[in-house]
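Here is a friendly walk through one protein model, meant to be read with the structure open beside you.

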Amino acid sequence: MRRFLVAGNWKMHGSSEMTADLISGVARRVLDAARLSEQKELGYDILVCPSAPYLSQAVDCSESQPISVGAQNVSQFDSGAYTGEISLSMLAELGCKYVLLGHSERRMLFNESDKEVAEKFSACLDHSLIVPILCIGETLAQRQAGQTEDVVAAQLDAVIDTVGITGFANAVIAYEPVWAIGTGETASPEQAQDVHAFIRAKLDGLSAEIAQAVRIVYGGSVKPSNADEQFAQKDIDGGLIGGASLQVSSFAGICEAVQKIIEKT
Ligand code: PEP
């Protein structure tokens, strides 16, 4: 049984005050909900990915809370003359546990290529302390042209060709249709499930064990009002949340939806 993951991508938002308030507020709400549940425990993982300046504070605030901290990006290089970049060792030293790789905003606004994303993924495996969350997904034009599976397969292949299928033994995949990110328009549960099933089937062709174990989360305008139907899908193992991760009420509401799904299963 795969463990759900609810991850918040704060993008370039936040402040020290927000970091402290959001982590303590979410922790309080999700722990209360877990206490009231039949399981009496939080049966899923929660992650927040603040901007780099707040990572250290976020790690401090989440100590002894059921919330991990991840970064939104990392360099593929270990160290050296790479002004403005941050290495995996630095993130690990701060206490980060995950890193987002290849978010569509990085691919589109900062021209991050499949090759660079694969190199960063490979660096995470070499480093081994930080779990990569590989973001993949098609644009609206690609979906309308019937290319969704080809696009997602090519983004996956770029990484598989570099690290092999075993690279996914300790990784997360985030399927994020670009047209659903920050637009308020979410993929229908069936649309999302179809792509998640396609991704899992593709991995299954290389390793049934890894395909069954890997968490594939959905991202794209997830809110408390649509989280339950998205996360109830067979191959959807949680979410990567942008806008709704910036408020205690909406992020905790999404976490609570996961708690209810766990209770039903
Ligand atoms: C994201 O940025 O990864 C994302 C899913 O954003 P939003 O939830 O705002 O669509």
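## The second largest pocket

Around the second largest pocket there are 18 lining residues, and those nearest its centre are Gly 182, Ser 221, Val 222, Gly 242 and Gly 243. Please keep in mind that this is a predicted model. The space in this second largest pocket comes to about 180 Å³.

What is the make-up of the lining of the second largest pocket, in nonpolar, polar and charged residues? Its residues divide into 10 polar, five nonpolar and three charged.

## The largest pocket

Now turn to the largest pocket, whose volume is about 580 Å³. Its lining is made of 22 residues.

Which helix gives the largest share of the lining of the largest pocket? That is helix α4, residues 104–109, with three residues. By type, the lining of the largest pocket has 11 nonpolar residues, seven polar ones and four charged ones.

## Parallel strands and their crossovers

Next, follow the chain through three strands. Strand β2 covers residues 45–49 and strand β3 covers residues 68–71; the two pair in the parallel sense, over two bridges. To see how they line up, pick out Leu 47, which stands opposite Ser 68 in β3.

How are β3, helix α3 and β4 arranged, as a right-handed or a left-handed unit? Together with helix α3, residues 88–94, the strands β3 and β4 make a right-handed β-α-β unit.

## A look at Ser 122

Finally, let us visit a single residue. Ser 122 has its place in helix α5, which spans residues 114–127. Which residues does Ser 122 contact once its neighbours within four places in sequence are left aside? They are Thr 162 and Val 163.

Terms used. Residues numbered from 1 in each chain as written. Predicted model: local features only at pLDDT ≥ 70, side-chain atom pairs only at ≥ 80, totals over all residues. Heavy atoms only, no water. Pairing = 2+ DSSP bridges. Helix = DSSP H or I, 4+ residues; strand = E, 2+ residues; numbered from the N terminus. Right-handed = clockwise from strand over helix to strand, strands pointing away. Contact = heavy atoms within 4.5 Å. 1 Å grid on protein atoms, 1.4 Å probe; cavity = no way out; pocket = protein on both sides within 12 Å on 5 of 7 lines; lining within 4 Å. Points joined across faces, edges and corners; volume = space filled by probe spheres on them. Nonpolar A, V, L, I, M, F, W, Y, C, P; charged D, E, K, R; others polar.
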